[in-house]
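Biologist: Can you take me through this one? I'd like to start with a helix, then go to the core and the ligand.

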Amino acid sequence: MKISLNPHAKDAATRDALVAEGGFGKYYTDHMVVCEWNEKDGWSEPDLKPYGPISLDPATAVFHYGQEIFEGMKAYRQPDGGIGLFRPEANARRFAKSAKRLALPEMPEELFIETVETLVKQDAGWVPNKVGESLYIRPFMFATEVGLGVRPSNKALYMLIATPAGAYFDPSKAVSVWISTEYVRAAQGGTGEAKCGGNYAASLVAQKAAAKEGCDQVVWIDAKERKWIEEMGGMNLYFVKGSGAEATVVTPKLTGTLLPGITRDSILSVAKDLGYKTDEVMLSIDDWRDGVASGEITEIFACGTAAVVSPVGTAKSAMGTWVTGDGQPGKITMQIRNHLLGIQHGSISDSHSWMRKVI
Ligand SMILES: *Cc1c(COP(=O)(O)O)cnc(C)c1O
């Protein structure tokens, strides 16, 4: 790895003040990593360098045909002052899968992790100290061949940036969702399983429609039968059926159109560890409505790296509006959230060896 340090890196006091502001995505750390790929030579040696703008030819492929993928992962401060990454190997594997689907080069897992570790070590001072806070890490890659011909790019650029993430969980506010029967996020054979910018570009109009309905987020249903619940915005969904020790924690099955969330996967294990039954299911809009009406569905939450776990309250759709819970996060939702955060922050035993120590 080539290292060129930022001569204008923020001094500790300035940096600490920015980190203390909380928020998300407003400030970026002093450095970034870039790594070039071309068909002939493969991957170059990655470069850690000062964070800053990049220059690209206007005819660069990504601007025209959207050949781009990304990841989202976090580094957490540990009780001994060190820093741990949560399941970075899982992000590396998913990044390679997304690359394959978008006809981009698959970055070797070790190279991906090396870039992440190097940036986190260098910018360690940007990792917040409080529980619920973290350093959000954004690896991404895009097509850099210059030309307007439509073909898989013979050049690509991998980049890595990081931003401190405050504790933006508000336990008094459950998310309201608009179940979209008009727009579709992903169809069989499409790019739903890949973490690519294009999926998000196509989703924004539905997000707008949700806001117009007075909802915070959009919930996607399947493209074919237009009835099976898939995901919420950029997060996976969980439903708690029943309550207490007898509760079952279920999540929509990965049918090939859902994004296989690492948080989703981790919660399947955490819920089992906590003694709950778990299941991956096909759950329809009707099942949601009827389950809420009968009281079988007691809690609903969304999960993903950025927010970890967010309670879902009101669901609105063309077929009506149903409210789960009293607007407060459910007991099992909070138990799962606290357990996962505990593992991430090193206060609960990491029985699945999910944490990777950086320093
Ligand atoms: C990233 C993402 C998720 C959540 O995945 P995590 O690995 O848990 O962060 C869920 N759905 C979509 C569409 C995503 O892009």
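Predicted model: local features only at pLDDT ≥ 70, side-chain atom pairs only at ≥ 80, totals over all residues.

Biologist: Fine. Which residue caps the N-terminal end of helix 1?

Modeller: Asp11 does; one of its side-chain oxygens lies 3.1 Å from the backbone nitrogen of Ala13.

Biologist: And what follows helix 1?

Modeller: Gly22, with a positive phi near 75 degrees.

Biologist: Which residues of helix 1 are buried?

Modeller: Arg15, Leu18 and Val19 are buried there. Looking down the axis of helix 1, the buried residues fall within an arc of 100 degrees, so they line one face of the helix.

Biologist: What do they pack against?

Modeller: Strand 9. On the face of helix 1 turned away from the buried side, Ala13 and Ala20 are exposed.

Biologist: Now the core. Which residues of the largest nonpolar core touch the most other members?

Modeller: That core has 39 residues, and the ones touching the most other members are Phe112, Val116, Val120, Ile137, Met141 and Tyr158. Among the elements giving two or more residues to this core are helix 1 (12-20), helix 3 (88-101), helix 4 (109-122), strand 8 (134-143) and strand 9 (155-165).

Biologist: Which element gives the largest share?

Modeller: Helix 4, with six residues.

Biologist: Take Val116. What is it in contact with, leaving aside neighbours within four places in sequence?

Modeller: Val116 is in contact with Met73, Leu85, Ile137, Tyr158 and Leu160. Apart from this core there is another, of 24 residues, including Val270, Ile332, Leu341 and Ile343.

Biologist: On to the ligand. How many residues surround it?

Modeller: 15 residues surround the ligand, and the closest are Lys195, Tyr200, Glu231, Thr263 and Thr305.

Biologist: What are the distances for Tyr200 and Thr263?

Modeller: For Tyr200, an N or O atom in the side chain is 2.5 Å from an oxygen atom of the ligand. For Thr263, a polar side-chain atom lies 2.6 Å from a ligand oxygen atom.

Biologist: And which residue has a polar backbone atom 3.4 Å from a nitrogen atom of the ligand?

Modeller: Gly234.

Biologist: What share of the ligand's exposed area does the protein bury?

Modeller: Taken alone, the ligand exposes 380 Å², and the protein buries 97% of that.

Definitions and conventions. Residues numbered from 1 in each chain as written. Heavy atoms only, no water. Core = buried A, V, L, I, M, F, W, Y, C linked by side-chain atoms within 4.5 Å. Buried < 20%, exposed > 50% of the residue type's maximum accessible area, 1.4 Å probe, protein only. Helix = DSSP H or I, 4+ residues; strand = E, 2+ residues; numbered from the N terminus. Contact = heavy atoms within 4.5 Å. Near = heavy atom within 4 Å. Polar contact = N/O pair within 3.5 Å; in protein donor to acceptor, adjacent residues only side chain to side chain. Areas by Shrake-Rupley, 256 points an atom, 1.4 Å probe, with all protein chains shown as cover. Arc of directions from axis to C-beta.
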